Amino acid sequence: MKAKKLSLVSSILIALAAVLVGLSLFFPWWQMIFFAPQYPEGLNIIVYPNKLEGEIDIVNGLNHYIGMENFSEENFPELAYLSYLVIGLAVITLLTAILRKKSVLYGLIGVFILGGSLGVWDLSRALRKFGTNLSPTAPIKIDPFVPPLIGHNTVANFVTESILGYGSYFLIAAFILLLIPLWKDRTR
């Protein structure tokens, strides 16, 4: 017996997920804010899928004292191609909405899970590298540390807050929109 297609409502939800994936390109995905007595307003490193923004030069100048490698787009080669992967994901999501096949939706959900897992692993790996590969010739000696993916950390007189940006929330919302048709059309 031939399986029925996903409902029109499910197809619309999947298309909306494609829009959210595309919109995520224009918003930050992750941010780290550094607070200290001399910087009560905080210093930012803001990560988009294709660039870094914020007071990176100031943060790098301060990190030099503890022997941390500079934050730069060159140190994150993913930024050169991540936008293309996201555009591809948006296109595949839109095609899934058009095809309305549950098997294709399962594959898409798998791609979301794999991509999200790889993204979290990659950022965690980079944070570990930056916090544990401190130069032994740095003027200020501190114990190696791993900045948090989400949450806060204290190093010397700096408190860091790591938070997700709107782009990440768009991706999470898109993933949830992909799960709804599985429940809604479970009898199809």
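Contact here means heavy atoms within 4.5 Å. On that basis, asparagine 63 touches Met68 and Phe71, not counting residues up to four places away in sequence. The model is predicted, and its protein chain holds five helices and five strands.

**Overall chain**
- From the N terminus on, the order of elements is α-β-β-β-α-α-α-β-β-α.
- The radius of gyration of the protein chain is 20 Å, whereas a compact globule of 188 residues would have one near 16 Å.
- Along the principal axes, the C-alpha atoms fill a box of roughly 70 × 30 × 25 Å.
- Buried residues make up 41% of the 188 in the protein chain.
- Among contacts with a separation of 6 or more, 64% are between residues 24 or more positions apart.
- The accessible surface amounts to about 10,800 Å², and carbon and sulfur atoms account for 68% of that surface.

**Helix H4**
- Helix H4 spans residues 102–132, which is 31 residues, and reaches 45 Å from its first C-alpha to its last, close to the 45 Å expected at 1.5 Å a residue.
- The buried residues of H4 include Leu105, Leu108, Ile109, Phe112, Leu127 and Phe130, and also Lys102 and Asp122.
- Cover for the buried residues of H4 includes helix H1 (8–23), strand E1 (30–36), helix H3 (82–99) and helix H5 (166–184).

**Nonpolar cores**
- The largest nonpolar core has 22 residues, and Phe34, Ile45, Met68, Phe71 and Phe76 are those with the most contacts inside it.
- Two or more residues of this core come from each of E1, strand E2 (39–47), helix H2 (56–64) and H4; E1 gives the largest share, four residues.
- Phenylalanine 71 touches Ile45, Ile56, Val59, Asn60, Asn63, Phe76 and Phe130, leaving out residues up to four places away in sequence.
- Another core, of 20 residues, lies apart from the largest one, and Leu25, Trp29, Ala90 and Leu171 are among its members.

- Serine 24 sits in the loop between H1 and E1 and is buried, since its relative accessible area is 0%.
- The side chain of serine 24 reaches the backbone oxygen of valine 21 at 2.6 Å.
- Beyond its neighbours within four places in sequence, serine 24 is in contact with Trp29, Pro49, Val86, Gly167, Phe170 and Leu171.

Conventions
Residues are numbered from 1 along each chain as its sequence is written. This is a predicted model: local features need pLDDT of at least 70, side-chain atom pairs count only at pLDDT 80 or more; totals for chains, interfaces and linings use all residues. Side-chain values use heavy atoms; hydrogens and water are left out. The expected span of a helix is 1.5 Å times one less than its number of residues. Buried means under 20% relative accessible area, exposed over 50%, partly exposed in between (1.4 Å probe, protein chains only). A nonpolar core is a set of buried Ala, Val, Leu, Ile, Met, Phe, Trp, Tyr and Cys residues joined through side-chain atoms within 4.5 Å. A polar contact is a pair of N or O atoms within 3.5 Å; within protein, one must be able to donate a hydrogen and the other to accept it, and residues adjacent in sequence count only if both atoms are side-chain atoms. The radius of gyration is taken over C-alpha atoms; the globule rule is 2.2 Å times the number of residues to the power 0.38. Accessible areas come from the Shrake-Rupley method with a 1.4 Å probe; for residues, only the protein chains shown count as cover.
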